[in-house]
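Hi,

Here is the structure I promised to pass on.

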Amino acid sequence: MKIQLRYYGDPILRGKTLPVAEITGELQRLVERMVETMREEKGVGLAAPQIGRSEAVCVVEVPPDFDVDEDGKRANPDCEMPMIFFNPEITKYATDQWSMEEGCLSFPGINGPIQRSRKISVRYMNSNGNQVERELNGYTARVVQHEFDHLNGVLFIDRMSPVRRAALSGRLKRLSQETLADMGIV
Ligand code: ZN
């Protein structure tokens, strides 16, 4: 069963999430529903605040065709998808950055180029409750940076160039007003 998404303007997207102490049965079911929702919405990642939750958890599923480096080889051959991240943090960013067009399920129809590190080191708890440390590369590293940002209340528009953001300002304002109206806040 799909969960209702939260859209830009909803204050929960700006909140900071709280660490998960223990992966309960309820959290396992929540993660399963997050994966189903991500797939139905045709996204490659989904973070808890996007479905109105404040736990530090996100899910990522990059199709194998997208997980490739410049030579067309698998960028992260040992990555099993979907990836589930509890209490994640990025411990190292490579200085090498690249730009690519990004979108977000909480911003329907809005996108823009974002600079991100090509390679990162991450630390997190997986769905078995085990502590994992590993490197991620390329597009998968990009998606993970986008999702981890959500857990800190950071949105992709915050990382856009001022020019792109200014060009989108009217649409962002409209989306935010619609969201608040739907929520009965204004
Ligand atoms: Zn997003």
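First, the ground rules. This is a predicted model, so local features need pLDDT of at least 70 and side-chain atom pairs count only at pLDDT 80 or more, while totals for chains, interfaces and linings use all residues. Residues are numbered from 1 along each chain as its sequence is written, and side-chain values use heavy atoms, with hydrogens and water left out.

The sheet: five strands form an open sheet in the order β1-β2-β3-β6-β7, with antiparallel pairing. Strands are DSSP runs of E, at least two residues, and helices are runs of H or I, at least four, numbered from the N terminus; two strands pair if DSSP finds at least two bridges between them. At the edges sit β1 (45-47) and β7 (131-137), each pairing on one side only. On average, neighbouring strands are turned by 40° against each other, direction ignored. β6 (residues 119-125) and β7 share seven bridges in the antiparallel sense, and Lys119 stands opposite Asn137 in β7.

Lys119 also forms a salt bridge with Glu135, with the closest N and O atoms 3.7 Å apart. My cut-off there is a side-chain nitrogen of Lys or Arg within 4 Å of a carboxyl oxygen of Asp or Glu, and by that rule the count is 16 salt bridges. Glu135 is in β7 and Lys119 in β6, 16 residues apart. Both ends are partly exposed, Glu135 at 38% relative accessible area and Lys119 at 37%. For those labels, buried means under 20% relative accessible area, exposed over 50% and partly exposed in between (1.4 Å probe, protein chains only).

Two others to look at:

- Arg123 and Glu89 come to 3.2 Å between the closest N and O atoms, linking β6 to β3 across 34 residues.
- Asp149 and Arg116 are also bridged, at 3.2 Å, and this pair joins helix α2 (residues 138-151) to strand β5 (residues 112-117). Both residues are buried.

Asp149 and Arg116 belong to a network as well: salt bridges with shared partners join them with Glu102, Arg142 and Arg159.

And the cysteines? With a disulfide taken as two cysteine sulfur atoms within 2.5 Å, the count is zero. Cys79 is buried at 8% relative accessible area, and Cys104 is buried at 11%.

Cheers

Note on methods. Axes fitted to C-alpha atoms, helices over the stretch in contact; angles between N-to-C directions.
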